[in-house]
Amino acid sequence: LTALKAAAAATIMAWVKVESQGGSGVNRRVLGLSGNVAAANVRISISQLGAATTDSWRLNARRLDADSLHTRDIVTSVTLSTSHLAIVCDYTGGTSTFYINGASVGSGSVAGWAAACSNTASLGSAIGVTTDLASQFFDGLIADARVYNRALTALEISHIYGSKGRDSIMRSLVHRWPMNEGAIGATVSGSGSVKDKCGNANGTATASPVYSDWIAYPRRKRRG
């Protein structure tokens with residue numbers, strides 16, 4: 001995937017409905033893109049961070065493929081309800097920000113971020129699992145996962161949340177997986193079955209997810 005090659009910034013987001021807490025040491029991936037070093041090497045991702053009591057959310061990102069991983073943990077507890085999650089990584093501006101339901105819940109500067117990210121392609125992207133498709137399977141519903149190769153403003157993210165996906169914020173939108181292609185209850189399978197509305201990266205389902213009727217946003221796909 002070439003969408004984040006030498007990008008000055010990136011924004012990723014998705015609607016989720018968590019169906020269980022991970023528990024101590026059990027992390028679950030919502031959305032992520034890998035770096036160029038290895039399929040498991042995170043370039044940017046959102047994860048559910050397992051804990052002994054209540055889980056939290058985690059932002060991970062790298063500016064350069066060889067950089068140490070930048071992590072921002074959000075103290076807001078994960079609840080078994082519908083949420084819109086978004087993270088903005090401004091590589092040239094040197095900041096990262098986490099949004100939940102259209103509002104910033106964590107932001108700050110990142111040491112060493114002062115220029116565009118690596119001019120290398122990501123080895124892959126994944127929804128509801130790590131980018132090497134090996135672990136951190138998400139338990140719940142995910143829909144309308146997006147990747148922008150710019151830093152969306154707080155107003156834009158608030159608007160996307162408020163419009164429940166019926167927005168027209170398309171500038172620099174490079175990937176969008178609505179995950180509403182099939183009949184409710186149908187199992188998703190086959191190469192290219194997870195459609196990218198931008199036409200850049202159709203995906204193949206893993207672990208037999210099914211389409212589900214999710215009231216907050218019509219017809220979502222869930223991780224089985």
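Is Arg43 buried or exposed, and what is its relative accessibility? At 2% relative accessibility, Arg43 counts as buried, where buried denotes under 20% relative accessible area, exposed over 50%, and partly exposed in between (1.4 Å probe, protein chains only). The structure is a predicted model, in which local features need pLDDT of at least 70, side-chain atom pairs count only at pLDDT 80 or more, and totals for chains, interfaces and linings use all residues. Residues are numbered from 1 along each chain as its sequence is written, and side-chain values use heavy atoms, with hydrogens and water left out.

Side chains of opposite charge can pair when their charged atoms come close. A salt bridge is defined here as a side-chain nitrogen of Lys or Arg within 4 Å of a carboxyl oxygen of Asp or Glu. Under this rule, six salt bridges are counted. One of them links Asp65 to Arg43, with an N to O distance of 2.7 Å. Because Asp65 lies in the loop between β4 (56-61) and β5 (70-77) and Arg43 in strand β3 (residues 42-49), this pair ties together parts that are 22 residues apart in sequence. Strands (E, at least two residues) are DSSP runs, numbered from the N terminus. Asp65 is buried, with a relative accessible area of 13%.

Further salt bridges were identified between other residues. The side chains of Glu156 and Arg150 form such a pair at 2.8 Å, N to O, and both Glu156 and Arg150 are buried. Arg146 pairs with Asp144, their closest N and O atoms being 3.1 Å apart; both Arg146 and Asp144 are buried. Through salt bridges that share partners, Asp144, Arg146, Asp167 and Arg176 are joined into one network.

Key: Helices (H or I, at least four residues) and strands (E, at least two) are DSSP runs, numbered from the N terminus.
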